[in-house]
Amino acid sequence: MEPINTNETQSAANDQSAIVNSQLSILKAYFPELTDGQQAQIDALFPLYADWNAKINVISRKDIENLYLHHVLHSLGLTKMLRFKDGSTVMDIGTGGGFPGIPLAILMPDVQFHLVDSIGKKIKVGQAVAEAIGLKNVTFRHCRAEEEKGLFDFVVSRAVMPLADLVKIARKNIKKEQQNALPNGLICLKGGELQHEILPFRNQAVSLNLSDHFKEEFFQTKKVVYVPL
Ligand SMILES: C[S@@+](CC[C@H](N)C(=O)[O-])C[C@H]1O[C@@H](n2cnc3c(N)ncnc32)[C@H](O)[C@@H]1O
């Protein structure tokens, strides 16, 4: 067996910790309104996800050090389209380990989130993280979103399925009563070339570029798309 070079191992751990802390500072600078309690919840996410991700893959293992930029801040970027009013209800379709639902629930403690995924062990990770940070405004369900009958003001989603399929599934879950600054509907985080996906909804869909809000390279191609339903 190769001897473990403890100096190299320590140096890699230091490098990772520097990346994680620098991204955490960037995130906090973009959301200066976070209370001490919310900051503590966000601080706790890296050790929790690093630990869970080693057992159950919810984030690409190579990307875990980018948790705060690529996953937490990206999730919070959804609020650039709409900051939900207190008392709103939101379903996250295909939440995986809790994205975007968990970061959004931390940011908006008076909005109720329902996180759904068809893979039970991923839901288990989200539940464990939410419990560990004392998140009270989230519920979880292991099911296909097609089976969820609950009604919500909004459905959110990241990296799950093409827009047309999301619209088809989410429509049944949207409440008629309105209480937000935008009519109820679907808000999702999308990357890359979207023209084709948006085409059938071009008269209703609104999209914004996250690069107009976050200057880091990662956000160059990232968009938030809203479809009223
Ligand atoms: C690429 S992962 C993204 C997870 C998370 N949204 C994120 O951004 O990290 C896609 C997730 O969608 C879930 N999924 C796909 N189709 C689904 C459906 N019809 N109902 C519920 N979950 C679904 C998968 O199980 C998987 O966890």
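Where is the place of Gln-127? The points below answer this and describe the rest of the chain.

1. Basis of the model. This is a predicted model, in which local features need a pLDDT of at least 70, side-chain atom pairs count only at pLDDT 80 or more, and totals for chains, interfaces and linings use all residues. Residues are numbered from 1 along each chain as its sequence is written. The pLDDT is the predictor's confidence in each residue, from 0 to 100. The protein chain averages a pLDDT of 96, and 98% of the residues score at least 70. For the complex, the predictor gives an ipTM of 0.99 and a pTM of 0.96.

2. Overall architecture. The protein chain holds seven helices and seven strands. Helices (H or I, at least four residues) and strands (E, at least two) are DSSP runs, numbered from the N terminus. Read from the N terminus on, the order of elements is α-α-α-β-α-β-α-β-β-α-β-α-β-β. The radius of gyration of the protein chain is 18 Å, close to the 17 Å that the globule rule gives for 229 residues, so the chain is as compact as a globular protein of that length. This radius is taken over C-alpha atoms, and the globule rule is 2.2 Å times the number of residues to the power 0.38. The C-alpha trace spans about 60 × 35 × 35 Å along its principal axes.

3. Burial and contacts. A residue is buried if 20 or more other C-beta atoms lie within 10 Å of its own, exposed if 12 or fewer, and partly exposed in between, with C-beta atoms placed from the backbone. Of the 229 residues of the protein chain, 38% count as buried. Two residues are in contact if their C-beta atoms, placed from the backbone, lie within 7 Å. Among contacts between residues at least 6 apart in sequence, 70% join residues at least 24 apart.

4. Helix H1. Helix H1 covers residues 6-30, and its 25 residues should span 36 Å at 1.5 Å a residue; the end C-alpha atoms are 36 Å apart, which agrees. The expected span of a helix is 1.5 Å times one less than its number of residues. Val-20, Gln-23, Leu-24 and Leu-27 are the buried residues of H1. Their cover includes H2 and helix H3 (67-76).

5. Helix H5. Gln-127 has its place in helix H5, and with 18 C-beta neighbours inside 10 Å it counts as partly exposed. The C-alpha atoms of Gln-127 and Ser-17, 110 residues apart along the chain, are separated by 25 Å. Helix H5 (residues 120-132) has 13 residues and reaches 18 Å from its first C-alpha to its last, close to the 18 Å expected at 1.5 Å a residue. Buried in H5 are Lys-122, Ile-123, Val-125, Gly-126, Val-129 and Ala-130. They cover an arc of only 155 degrees around the axis, which puts them on the same side of H5; the arc is that of the directions from the helix axis to the C-beta atoms. Gly-120 and Glu-131, on the other side of H5, are exposed. The buried residues of H5 pack against helix H2 (36-55), helix H4 (101-107), strand S2 (112-117) and strand S3 (138-142). After H5 comes Gly-134, whose phi is positive, near 70 degrees.

6. Annotated positions. The UniProt annotation "binding site", from an unreviewed entry, covers Gly-94, Phe-99, Ala-145, Glu-146 and Arg-158. UniProt positions are given in the numbering used here, feature names are shortened, and annotations may be inferred rather than shown by experiment. Phe-99 is placed in the loop between strand S1 (89-93) and H4, and is buried, with 27 other C-beta atoms within 10 Å. Not counting residues up to four places away in sequence, Phe-99 touches His-71, Ser-75 and Arg-158. Ala-145 is placed in the loop between S3 and strand S4 (154-158). Ala-145 is buried, with 24 other C-beta atoms within 10 Å. With residues up to four places away in sequence again left out, Ala-145 touches Ile-93, Gly-94, Val-116 and Ile-169.

7. Backbone points to inspect. Most residues other than glycine have a negative phi, and most peptide bonds are trans. A cis peptide bond joins Phe-99 and Pro-100, with omega about 10 degrees; Pro-100 is found in the loop between S1 and H4. Ala-159 has a positive phi of about 55 degrees although it is not a glycine. Ala-159 lies in the loop between S4 and helix H6 (163-170), and counts as partly exposed, with 13 C-beta neighbours inside 10 Å.
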